[in-house]
Amino acid sequence: MTEQTTERQECEQAWAALAAHGEDIGGKHLRELFADDPTRGERMTLEAAGLYLDYAKNRATDLTLELLCDLARAAGLREAIEAMFAGERINATENRPVLHVALRNRSHTPVLVDGQDVMPAVNATLERMADFTRRLRAGEWTGHTGRRIRHVVNIGIGGSDLGPVMACRALRAFADRALTFRFVSNIDATHFFEETRDLAPEETLFIVASKTFTTQETMTNARTARQWLLDALRDEQAVARHFVAVSTNEAEVVKFGIDPANMFGFWDWVGGRYSMTSAIGLPIMAAIGPERFMEMLDGFHAMDRHFREAPFERNMPVLLALLGVWYNNFFGAQTHAVLPYDQYLERFPAYLQQLDMESNGKGVTKDGMPVARQTGPIVWGEPGTNGQHAFYQLLHQGTKLVPADFIGALRPAHALGDHHAKLMANLFAQTEALAFGKSAEAVRAEGVPDALVPHKTFAGNRPSNTILMNTLDPHALGALVALYEHKVFAQGVLWNIHSFDQWGVELGKVLANRILGELTGPAPDPAAHDSSTRALIARYRQAHGRI
């Protein structure tokens, strides 16, 4: 029997032990768990990297967590963590290391890729970013006409958009309000139009973020931006003063008209959805300044160290990963709600959608075989009390189990009256209501008519985690993002899938390029598509007078 076969058997035994345990406690209510253990609420908590996690309101016992940690060990999670930090090529389908942790390695210890320390290049890029953003923020970098830059527009998509826009909004309280920041990602012309319609071209700088400088959506928007600028300034030389690039394709950058001195590169061992601490974070640094950006990197690094060093039983990303697997694979939960009670985190759920669903939305194992169990969940959410007046009805009384993460800050960014106390009262109340509900007996005791009792009864037993920070500052945001990055990675290891590729986004791109020519050029071969797609293409062509 090979070592690999033995490991697989141990892993399957761990899954089987959890399944048996799930049958034993599956019907146990959180009311019972808290009644049986008066210290549960204080005991099932954890602090790391400035974040506080309360995981007491989960349908789990000490034995549950022990068995989940056994699964993590059997799946080789500790070895996988070390392989990532060591720069091994764990992105096997693309034959690449996965080293976003090097981008925020504040200890400056060597990080090797094929025997080469990457930290000098990482630190040099950060210094170039810092120099550029200091000049921009000080008004020393001016536009073609000599006017100060007042508007920064980031053009990217996916990881080149979601991380920067999320972080810029999350840290708006720390931003230079003399600068405005806009983000254009959608190829729909409406996005570009609305984000630029009120801007002065003489005062606008575009950051074009595309590793290859060939991404269809990004380069379509970039070319439109270029024409928008030239329509106003009518001088090709203006492009070099109003565009910078985050890319590795110098030839295309120069062809576009951007000075290569204003091109900021990154590396193929940085995945798009993990890239906000690379040069992709240039708009973040421009918004909050280099010093605050380094504080954000400090937060990332603190959580990175915790993830690498802490035992699984006291490891925040690992515990969140294990609890997610518990509901996904043993309770049939198909979604996971992320509910930030902080308006500045309005784009955090959207950011996590890519991080989680692009990473773990996989249907085959690392061996290329169909998965034997459900993998990544659908991630969704909205900020603050808005969601309470939208979808919380389903969370409380619907038929679907939706585990949720509640996120809040103990101190507000803006102290206005009693707003923050009311906000946090709602956060704490929702986790309590979801966990304990309201029994029919309690409803009747309030004098509610029998006919209405079923409608006003809350089953409870709906699990949640609560994540608190002192205040939403750059360090806290870095730690929070790293927490979820490592959670997603850990779950991928448990499901034995590749979390760092994204082949699922490719097929649609290929077909779109083919169909584009059929929309704008000669009529397509009738045999080229199914009858539905053929009819849709024909309808579009007819609307544009091409039939």
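The buried residues of helix 17 are covered by, among others, helix 2 (30-36), strand 10, helix 16 (392-397), strand 12 and strand 13. Contact here means heavy atoms within 4.5 Å. Helices (H or I, at least four residues) and strands (E, at least two) are DSSP runs, numbered from the N terminus. The model is predicted: local features need pLDDT of at least 70, side-chain atom pairs count only at pLDDT 80 or more, and totals for chains, interfaces and linings use all residues. Residues are numbered from 1 along each chain as its sequence is written, and side-chain values use heavy atoms, with hydrogens and water left out.

Which residues of helix 17 are buried? They are His420, Met424, Leu427, Gln430, Thr431, Leu434 and Ala435. Buried means under 20% relative accessible area, exposed over 50%, and partly exposed in between (1.4 Å probe, protein chains only). Seen down the helix axis, the buried residues of helix 17 fall within an arc of 125°, so they line one face. The arc is that of the directions from the helix axis to the C-beta atoms. Exposed residues His419 and Ala421 sit on the face turned away from the buried side.

The length of helix 17 (residues 419-436) agrees with expectation: its 18 residues should span 26 Å at 1.5 Å a residue, and its end C-alpha atoms are 26 Å apart. The expected span is 1.5 Å times one less than the number of residues. Just after helix 17, glycine 437 takes a positive phi of about 60°.

Strand 12 (residues 404-409) is mostly covered, with 6 of its 6 residues buried. Ala404, Phe406 and Gly408 are buried on one side. Asp405, Ile407 and Ala409 are buried on the other.

Valine 338 stands opposite aspartate 405 of strand 12.

## Nonpolar cores

A nonpolar core is a set of buried Ala, Val, Leu, Ile, Met, Phe, Trp, Tyr and Cys residues joined through side-chain atoms within 4.5 Å. The largest one holds 123 residues, of which Phe348, Leu477, Leu480 and Tyr484 touch the most other members. Helix 19 (residues 474-495) gives the most to this core, with 14 residues.

Phenylalanine 348 is in contact with Met166, Val338, Ile407, Leu480, Val481 and Tyr484, leaving aside its neighbours within four places in sequence.

An open sheet of 5 strands has the order 6-5-7-8-9, with parallel pairing. Strand 6 (180-184) and strand 9 (263-264) stand at the edges. Each has a single partner strand, so one side of each is left without a neighbour in the sheet. Strands 5 and 6 pair in the parallel sense over 5 bridges. Valine 153 has arginine 182 of strand 6 as its bridge partner.

## Salt bridges

A salt bridge is a side-chain nitrogen of Lys or Arg within 4 Å of a carboxyl oxygen of Asp or Glu. By this rule the count comes to 27. Arginine 73 and glutamate 313 meet in one of them (3.2 Å, N to O). Arginine 73 lies in helix 4 (residues 62-74) and glutamate 313 in the loop between helix 13 (290-309) and helix 14 (316-330), so the pair ties together parts 240 residues apart in sequence. Both are partly exposed, arginine 73 at 41% relative accessible area and glutamate 313 at 37%.

Glutamate 291 and arginine 134 form another (3.0 Å, N to O). This pair links helix 13 to helix 6 (residues 119-138), 157 residues apart. In glutamate 203 and arginine 150, the closest N and O atoms are 3.9 Å apart. Glutamate 203 counts as buried at 13% relative accessibility, whereas arginine 150 is partly exposed at 36%. Asp37, Arg43 and Asp62 are linked in a network of salt bridges.

Methods. Pairing = 2+ DSSP bridges.
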